[in-house]
Amino acid sequence: MPRTQWTISTLKELFDRTIEDRDVRVNLALSAAKEAVTKAELADEKRFALLNEFRGQQADEARKYATRDSVDQSVTGIEHRLTVNEAGLATLQGRALALAGFGALFGGVVGAMIIKTIG
């Protein structure tokens with residue numbers, strides 16, 4: 001087996017080569033990390049753009065819906081008109097009953113006169 005003789009110059013050469021190899025590996029790792037970060041940032045930008053678009057769509061949809069105040073105001077108006085209509089209907093029913101009573105009275109009077117005339 002041949003024996004290797006280490007000298008200062010051979011050790012320096014080995015040390016320099018080791019440092020160069022390490023620098024190459026570090027630079028490769030940094031390059032790969034930079035590329036990974038760039039890809040992750042692009043993916044995040046795309047995801048955030050889609051998320052913002054979704055939020056915009058949700059806001060557009062929300063504008064289509066009535067607010068609670070406008071619905072409450074509409075319901076209050078409808079309730080008021082319903083109350084007015086119910087009062088008007090009650091008045092009409094009262095008048096109809098009065099006319100029916102008057103009609104019955106008038107019919108009775110006319111009937112009595114007819115019977116008196118015939119009889």
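This is a predicted model: local features need pLDDT of at least 70, side-chain atom pairs count only at pLDDT 80 or more; totals for chains, interfaces and linings use all residues.
1. A nonpolar surface patch is made up of F102, L105, F106, V109, V110, M113, I114 and I118, with about 830 Å² of accessible area together. One of its members, I114, lies in helix 2, which covers residues 68-118. I114 has a relative accessible area of 46% and is therefore partly exposed.

2. On secondary structure, the chain holds two helices and zero strands. Its radius of gyration is 50 Å, well over the 14 Å that the globule rule gives for 119 residues, so the chain is more spread out than a compact globule. The C-alpha trace spans about 160 × 30 × 15 Å along its principal axes.

3. Burial can be stated briefly: of the 119 residues in the chain, 0% are buried. Buried here means under 20% relative accessible area. The accessible surface of the chain is about 11100 Å², and carbon and sulfur atoms account for 64% of that surface.

4. N27 gives a reference point in helix 1, which runs over residues 8-64. With a relative accessible area of 49%, N27 is partly exposed; the cut-off for exposed is over 50%. From N27 to E79 the C-alpha separation is 77 Å, and the two residues are 52 residues apart along the chain.

5. As for charge, the chain carries 16 positive and 16 negative side chains. The centres of these two sets lie 5 Å apart.

6. Seven salt bridges are found in a search of the whole structure. Among them is the pair D16 and K12, whose side chains meet at 2.8 Å, N to O. Both residues lie in helix 1, four residues apart, about one turn of the helix. D16 is partly exposed at 31% relative accessibility.

7. E35 and K39 form another salt bridge, with the closest N and O atoms 3.6 Å apart. These two residues are four residues apart in helix 1, and so are separated by about one helical turn. E35 is partly exposed, at a relative accessible area of 46%, whereas K39 is exposed, at 54%.

8. D23 and R22 also meet through their side chains in a salt bridge, at 2.8 Å from N to O. D23 has a relative accessible area of 34% and is partly exposed. R22 is partly exposed as well, with a value of 43%.

Technical notes:
Residues are numbered from 1 along each chain as its sequence is written. Side-chain values use heavy atoms; hydrogens and water are left out. The radius of gyration is taken over C-alpha atoms; the globule rule is 2.2 Å times the number of residues to the power 0.38. Buried means under 20% relative accessible area, exposed over 50%, partly exposed in between (1.4 Å probe, protein chains only). Accessible areas come from the Shrake-Rupley method with a 1.4 Å probe; for residues, only the protein chains shown count as cover. Lys and Arg count as positive and Asp and Glu as negative; His and the chain ends are not counted. The place of a charge is taken as NZ of Lys, CZ of Arg, CG of Asp or CD of Glu. Patches are made of residues with over 30% relative accessible area and no salt bridge: like charges are joined within 9 Å, nonpolar side chains (Val, Leu, Ile, Met, Phe, Trp, Tyr) within 5 Å. A salt bridge is a side-chain nitrogen of Lys or Arg within 4 Å of a carboxyl oxygen of Asp or Glu.
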